[in-house]
Amino acid sequence: MGSLKIENIRKSFGHVDVLKGIDLEVKDGEFVIFVGPSGCGKSTLLRVIAGLEDATSGEILIDGKKVNNTPPAKRGIAMVFQTYALYPHLSVRDNMGLGLKQAGKPTEEIKERIKVASGMLSLDDYLERRPSELSGGQRQRVAIGRAIVREPQLFLFDEPLSNLDAALRVNTRLEIARLHRQLKATMIYVTHDQVEAMTLADKIVVLNKGRIEQVGSPMELYNSPQTLFVAGFIGSPQMNLIEGAKLGDATAKTVGIRPEHIQVSNTSGTWKGGVIHVEHLGADTIIYLQTDFGPLTVRLFGEHQYEVDQVLYATPDAGRTYRFDDKDMIIKA
Amino acid sequence: MAKARTSPLRSGFVHLALIIYTLIALFPVFLTVINSFKDRASIFRNPLGLPDAKSFSLVGYESVLKQGDFTLYFQNSLIVTSVSIFFVLLFGAMAAFALSEYRFRGNALTGLYLALGIMIPIRLGTVAILQGMVATGLVNTLTALILVYTAQGLPLAVFILTEFMRTVSDDLKNAGRIDGLSEYSIFFRLVLPLVRPAMATVAVFTMIPIWNDLWFPLILAPSDATKTVTLGSQVFIGQFVTNWNAVLAALTLAILPVLVLYFLFSRQLIRGITSGAVK
């Protein structure tokens, strides 16, 4: 139970093509994350899977059954929204129970399922409260609880952490990871935050302009990006992308090197550059250099002292550079 | 900062302005009410004086309750007003929901068409309306008034409610869809409670012109059985002699029901249950 297959999904709003042919397979129990810049179609894709939007063409199969014409409530899904979307006039208990009540489940079972979910999310003390009497983190837990009680085959999360502050975001992220282990359910999660994507996902789907750029585990995407876009999108600070011609590389249009794969020295190295800014983050030191071929970001681990305008020499780690052709595809070494 | 904002001088001026405005607004009402309790001579001799032991008289109320069937007129006014408000709110909210929620061809045009009625007064169509009512045999029925007033109130209702419904979070409606609520349940159980303050505003704006209208009752339902209060009071205003006591008494009585309705709706205006729904 809980597998999802998408075949050539297209979605247009008027003349604007938002999704341009998406094929994707999600196995039972997988945690899949859609990432991409805003406007790349990731939320639309999630809504199409949920049935809140109709696909212009293509097929959606949940558990091997075509669900294109099935209403959202009958698809065996549950969704958690960015804005929580709790029913303001209902108590926490009724918020969680509404879906089951609508489905005609017996009162005893509803009560039991709410009890299990509220125990899991430590919401027992808040069951009789209204959403307005809860904090942001609690509201999002209620929204997650509302999804859990439905015992869906597929959990859909639409940027669930975007409205929470930084500390709560980390906590809720851990909670979602724990839930995934506990429930062993298939989860699809949309975010624009690559940290969330890297930390939670079994499989990341990188979307750009309505197409899938690459699908892979977090480390696959980090270590072997297939396109220039993925190389630039995954990793923070962003990968250095330098015109191949400027480095004397005639075959590659662009050469990419991650900031953490560069070593610096005061005396000698491949490239010479002047320091324009230094960021001290404690665990990392990030140095911005101005070189002959443009700016270069270097990330060093630990604390280092460098002055602005100081001259440094940078050397890329062997075998850690990525070369892209004029179609922005990787050139295999 | 906080101190500057609550400076007594400043808030004093604000209150002064509000008090002056209130006095101006309430003065005619006040005059109507005090004079309705005076005898005819005192109304003319001392129109601004309060009724005292000598001038106090209930003759106006007596003639109102004796002459004509005022209980019936009140009943008619109440029926026409409340049923019209009900239909205006129901149909207005439904149209607004469709316009704000669904994408379909001609959405903007339909909205514009429905809003046209705000700019074009319905009275321009009086002759055609009368012809229609005669043809359908609805002349001298309350139904005729209710139909006209519903049509009259709808444009503003649709206009205001559409804007308000756009502010209701999409996620909330989608959450309802995933929980298996039908579109009707989403409308009645999620959206309507959230736009209640807007509904109350529309209700007040719709109610006052209907209650006070003289035109359509006079043309469409002037029979004794269907007279509204406003029309009923006119019997006391003659070409040569006007029974001021009765007119003032009738007007004073006419204020009461509308006041009650207003308080009912204004409580909704203040009550806000939406806080904390989203975000």
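Author: One convention is needed at the outset: angles under 35 degrees count as roughly parallel, over 145 as roughly antiparallel, 65 to 115 as roughly perpendicular and the rest as oblique. The model discussed here is predicted.

Reader: Which of these classes describes α6(B) and α8(B)?
Author: Helix α6 (residues 107-119) of chain B packs against helix α8 (residues 142-166) of chain B at an angle of about 125 degrees, and the axes lie 7 Å apart. An angle of 65 to 115 would count as roughly perpendicular and one over 145 as roughly antiparallel. The relation of α6(B) and α8(B) is therefore oblique.

Reader: How many nonpolar, polar and charged residues make up the contact of α6(B) with α8(B)?
Author: From α6(B) the contact draws on Gly111(B), Leu114(B), Ala115(B), Leu116(B), Gly117(B) and Ile118(B), and from α8(B) on Leu154(B), Pro155(B), Leu156(B), Val158(B), Phe159(B) and Thr162(B). Gly counts as polar in this division. The residues of this contact are 9 nonpolar, 3 polar and no charged.

Reader: Is the crossing of α6(B) and α8(B) left-handed or right-handed, and which hand has the crossing of α2(A) and α3(A)?
Author: In chain A, helix α2 (residues 92-102) and helix α3 (residues 107-120) pack at about 135 degrees with axes 10 Å apart, and α2(A) and α3(A) are therefore oblique to each other. The crossing of α6(B) and α8(B) is left-handed. That of α2(A) and α3(A) is right-handed.

Reader: How many charged residues are in the contact of α2(A) with α3(A)?
Author: Arg93(A), Met96(A), Gly97(A), Leu100(A) and Lys101(A) of α2(A) meet Ile110(A), Arg113(A), Ile114(A) and Ala117(A) of α3(A). This contact has 5 nonpolar residues and 1 polar, and its charged residues number 3.

Reader: What does the radius of gyration say about chain B?
Author: Chain B has 14 helices and 0 strands. For its 279 residues the globule rule gives 19 Å, whereas the radius of gyration is 23 Å, well over that value. Chain B is therefore more spread out than a compact globule.

Reader: Is Ala144(B) buried or exposed?
Author: Ala144(B) is placed in helix α8 of chain B. Leaving aside neighbours within four places in sequence, the contacts of Ala144(B) are Met133(B), Leu138(B), Val139(B), Leu220(B) and Ala221(B). A residue is buried if 20 or more other C-beta atoms lie within 10 Å of its own. Because Ala144(B) has 25 such neighbours, it counts as buried.

Reader: Which elements give two or more residues to the side of chain A that touches chain B?
Author: Across the interface, 23 residues of chain A are in contact with 20 residues of chain B. The chain A side divides into 16 nonpolar, 7 polar and no charged residues. The elements giving two or more residues to that side are β6 (77-80) and α2 of chain A.

Reader: Where does Ala85(A) lie, and is Ala85(A) buried or exposed?
Author: Most residues other than glycine have a negative phi. Ala85(A), not a glycine, has a positive phi of about 55 degrees, and it lies in the loop between β6 and α2 of chain A. With 28 other C-beta atoms within 10 Å, Ala85(A) is buried.

Reader: What is omega for the cis peptide bond that joins Ser236(A) and Pro237(A)?
Author: Pro237(A) is in the loop between α8 (228-233) and β11 (240-243) of chain A. For the cis bond joining Ser236(A) and Pro237(A), omega is about -5 degrees.

Conventions: Residues are numbered from 1 along each chain as its sequence is written. Chains are lettered from A and ligands numbered from 1 in the order in which they are written. This is a predicted model: local features need pLDDT of at least 70, side-chain atom pairs count only at pLDDT 80 or more; totals for chains, interfaces and linings use all residues. Axes are lines fitted to C-alpha atoms, for helices over the stretch in contact, and angles run from 0 to 180 degrees between N-to-C directions. Helices (H or I, at least four residues) and strands (E, at least two) are DSSP runs, numbered from the N terminus. A crossing is left-handed if the near helix is turned anticlockwise from the far one by less than a right angle, and right-handed if clockwise. Two residues are in contact if their C-beta atoms, placed from the backbone, lie within 7 Å. The radius of gyration is taken over C-alpha atoms; the globule rule is 2.2 Å times the number of residues to the power 0.38. A residue is buried if 20 or more other C-beta atoms lie within 10 Å of its own, exposed if 12 or fewer, and partly exposed in between; C-beta atoms are placed from the backbone.
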